[in-house]
Protein chains: 2
Amino acid sequence: MIFSAQIKVMPLKNLLDPQGKAVMGGLANLGITGINDVRIGKQINLVIEASNEMQAKEKADEAAKKLLANAVMEMYEIEISK
Amino acid sequence: MIFSAQIKVMPLKNLLDPQGKAVMGGLANLGITGINDVRIGKQINLVIEASNEMQAKEKADEAAKKLLANAVMEMYEIEISK
């Protein structure tokens, strides 16, 4: 069966996000006001072939742990759909 | 009022995603099998001060159009929450 996994990787809350800060400055320069904070992460969509949803989730989790997210600086969330 | 906007920016379906292709190769090298496709985009979280949800959505949309997404190569989705 084919599953779709959406993995969201965001910088940890306690860490500075320099890319987000730069975008916040950019938005202010463009005249877009009222933006109090910006944080930027990655969105990774996988198409996974697995025999069931649990196995698909395990594969996505392994991929996130081993390659996609750096646990020291980032947290991730996985959502599986058919 | 304070709203949170989650903006997902993904490469358009018809375009190649070289970063995704590279990650797909990396996953195969790590021995993670059964991954048929990888696409990588950005996840941007904004904290917006606005008088109502519609205004918050408008600000997020303006930010996405003017700075965060490149309409030629990317599509975006916005989700607003309190």
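Chain B and chain A share 16 residue pairs in polar contact, both residues of each pair being at pLDDT 80 or more. The model is predicted. Salt bridges are absent: the count between chain B and chain A is zero.

**Where the chains touch**

By class, the side of chain B that touches chain A holds 16 nonpolar residues, along with eight polar and eight charged ones.

**How much is buried**

The size of an interface is often given as the accessible area lost when the parts come together. Between chain B and chain A, that buried area is about 2,700 Å². Carbon and sulfur atoms give 62% of it. Three residues stand out on chain B: Ile32(B), Gln43(B) and Val47(B). Together they supply 18% of the area that chain B buries against chain A, more than any other three residues. In residue terms, the contact takes 32 residues from chain B and 32 residues from chain A.

**Strand to strand**

S2(B) also pairs across the contact. Its partner is strand S2 of chain A, residues 35-49. The two strands run in the antiparallel sense and pair over 13 bridges. One bridge joins Leu46(A) to Val38(B) in S2(B).

Definitions and conventions: Residues are numbered from 1 along each chain as its sequence is written. Chains are lettered from A and ligands numbered from 1 in the order in which they are written. This is a predicted model: local features need pLDDT of at least 70, side-chain atom pairs count only at pLDDT 80 or more; totals for chains, interfaces and linings use all residues. Side-chain values use heavy atoms; hydrogens and water are left out. Contact means heavy atoms within 4.5 Å. Buried area is the accessible area (1.4 Å probe) that two parts lose on being put together, summed over both. A salt bridge is a side-chain nitrogen of Lys or Arg within 4 Å of a carboxyl oxygen of Asp or Glu. A polar contact is a pair of N or O atoms within 3.5 Å; within protein, one must be able to donate a hydrogen and the other to accept it, and residues adjacent in sequence count only if both atoms are side-chain atoms. Ala, Val, Leu, Ile, Met, Phe, Trp, Tyr, Cys and Pro count as nonpolar, Asp, Glu, Lys and Arg as charged, and the others, Gly among them, as polar. Two strands pair if DSSP finds at least two bridges between them. Helices (H or I, at least four residues) and strands (E, at least two) are DSSP runs, numbered from the N terminus.
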